[in-house]
Amino acid sequence: VINKVCSGGNVRLINRTMVWRMSRQVLESGRFGISKHAYLDSNSPRIRNLHAYILYVLSEVGQVDLDRALDFSLRIAEQTEDPYFLALTSITCQNMARKEEATRLLKRLKEHLRTMRLDFLKESSMPLRSYGSSQQVQVAAYVAIALMREEAINYDYLATLISFIRSHKRGSGTFGSTQTT
């Protein structure tokens, strides 16, 4: 899988980086941190979203043995309405063939879209410094990706998100003020 993601890249370097990242998993909880001891007492939304992002990226490149970390994310998902967290965790569930959990999270995201329209995009705490419209564009993109991976795609929700993202495109062709947007 790594060769597909990083064709022409230094596969040994990427593998070494993945081994290092996996060594930062707090074994009791499955949570990822900077070190094996960092973040144990932190429950800030930014730290939770950092965990979700790391887990998402590892699942995208085909990393295995992420079940404990995903179970940790799913426990958090029961307590949060953060669309960034819910979208990333849903995509991770889809990547790891845990369709039932992904469907449950997507249902919650769609309920937010139905009742709050795009206002719920403001309710997210990004792990990186991203605010305002840049943050909302990033969150909308991840929610759209999650919805596009669903078996029965709801094009109404998707069209709403894509219109929102396109409406924030700048004259320079960028969508925001951060690298990730």
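Predicted model: local features only at pLDDT ≥ 70, side-chain atom pairs only at ≥ 80, totals over all residues.

Reader: What does the D67 side chain pair up with?

Author: R98, in a salt bridge with an N to O distance of 3.4 Å. The two sit in distant parts of the chain, 31 residues apart, with D67 in helix α4 (residues 67–77) and R98 in the loop between α5 and α6 (99–116).

Reader: And R98, buried or exposed?

Author: Buried, because its relative accessible area is 16% and the cut-off for buried is under 20%.

Reader: Which other residue forms a salt bridge with R98?

Author: D71 does, and the closest N and O atoms are 2.7 Å apart. D71 is in helix α4 and R98 in the loop between α5 and α6, so this pair ties together parts 27 residues apart in sequence. D71 counts as partly exposed, at 30% relative accessibility.

Reader: Which residues end up in that network?

Author: D67, D71, R98 and E101, joined by salt bridges that share partners.

Reader: How many salt bridges in the whole structure?

Author: Seven. One of them is between the side chains of E60 and R149, at 2.7 Å from N to O.

Reader: OK, switching to packing. What's the angle between α3 and α5?

Author: About 25 degrees, with the axes 9 Å apart. That makes the two helices roughly parallel, since the cut-off for that is under 35 degrees. Their crossing is left-handed.

Reader: Which residues meet there?

Author: From α3, R48, N49, A52, Y53, L55, Y56, S59 and E60; from α5, Y84, F85, L88, T89, I91, T92 and N95. By class, that contact has eight nonpolar, five polar and two charged residues. E60 is in that α3 set, and E60 also has the salt bridge to R149.

Reader: Last one, S90. Where is it, and what does it touch?

Author: S90 is in helix α5 (residues 83–95). Leaving out residues up to four places away in sequence, S90 touches A102, L105, L106 and A146. S90 counts as buried because its relative accessibility is 0%.

Conventions. Residues numbered from 1 in each chain as written. Heavy atoms only, no water. Helix = DSSP H or I, 4+ residues; strand = E, 2+ residues; numbered from the N terminus. Buried < 20%, exposed > 50% of the residue type's maximum accessible area, 1.4 Å probe, protein only. Contact = heavy atoms within 4.5 Å. Axes fitted to C-alpha atoms, helices over the stretch in contact; angles between N-to-C directions. Parallel < 35°, antiparallel > 145°, perpendicular 65-115°, else oblique. Left-handed = near helix turned anticlockwise from the far one by under 90°. Nonpolar A, V, L, I, M, F, W, Y, C, P; charged D, E, K, R; others polar. Salt bridge = Lys/Arg side-chain N within 4 Å of Asp/Glu carboxyl O.
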